[in-house]
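Visitor: I am new to reading protein models. Could you show me how to read a few features?

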Amino acid sequence: RVNGQPFTVAGVVADTFVGVEHRFASVWMPIAQHRVAFPGSTMLADWKGNPVRFYARVRPGAAPSAVEAELKPVVRELATSHPEDLWKDEWLSVHPAGRYVSFAEAGVGVALIGALVGLVLVAACMNLGLLVLARTLGREREFAIRLSVGATRGRIVRQLLTEHLLLGALGAATACVIATRISTAVMSTIGSSGLRPHFNARALLVAAALAVVSSLIFGFAPAWQSMRPAAERWMRLRSVLVGLQVAAASALL
């Protein structure tokens, strides 16, 4: 029963079936049965209602332009019955169904999204860089004691880089888990997309590479500056980090 109306189950599809529009659904039914499942529905009769897409199997070798030419009489009939609702030269456009957009076609959008994500990463790294710098400056007594008992500056820098790499690894692992949960929740909320995001080996490698590179870049600077006079290293590096952070935030806005 669907909305209290009895229906005959004609078959069961795989849970990965998304149809020609790449949409998940709990129940598929013929469009002609819409009034039965939803009494009083005017979806197929109300001209002002929601648009309905039609799909047809095209003859082998037929071009979209030829199909559009065959649909011209349909448009003329609609223009006759609803002259106030159609434009003068309106036509029914034909597009291939179930066609995925290639990377070349979506390149501009993908590049823009990638740039925005990169700016978010830079802004976050600036914030963490300032926190790490402040924390490093607060450990001057510790570093002085280490140097006095024989530790080299290089060893202190390596220690700081190890701490930053550990912080980056923990952050990347946490981010992967959160991103997976959020993506799954968003897709289940939308409910109309055939996308099922998941982390594969390439995504994990990219996340790991970003964690390592960002940890080294934004951890090396505070570590290296910790070996210079306090006032000089703080003012110069803070100015650089704040400038980059403001630049990234302005670009995002």
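**Exposure and salt bridges**

Guide: Start with Glu142, which is partly exposed at 25% relative accessibility. Buried means under 20% relative accessible area, exposed means over 50%, and partly exposed lies in between (1.4 Å probe, protein chains only). This is a predicted model: local features need pLDDT of at least 70, side-chain atom pairs count only at pLDDT 80 or more, and totals for chains, interfaces and linings use all residues. Residues are numbered from 1 along each chain as its sequence is written, and side-chain values use heavy atoms, with hydrogens and water left out.

Visitor: Which side chain does Glu142 meet in a salt bridge?

Guide: A salt bridge is a side-chain nitrogen of Lys or Arg within 4 Å of a carboxyl oxygen of Asp or Glu. Here Glu142 pairs with Arg146 (3.0 Å, N to O). Both lie in helix H5 (residues 140-148), four residues apart, about one turn of the helix. Helices are DSSP runs (H or I, at least four residues), numbered from the N terminus. Arg146 is partly exposed, at 33%.

Visitor: How many salt bridges does the structure hold?

Guide: Two. Glu70 and Arg59 also form one (3.0 Å, N to O). Glu70 sits in helix H2 (residues 64-70) and Arg59 in the loop between helix H1 (34-37) and H2, so the pair ties together parts 11 residues apart in sequence. Glu70 is partly exposed at 48%, while Arg59 is exposed at 54%.

Visitor: Is His164 buried or exposed?

Guide: His164 is buried, at 9% relative accessibility. His164 is in helix H6.

Key. Helix = DSSP H or I, 4+ residues; strand = E, 2+ residues; numbered from the N terminus.
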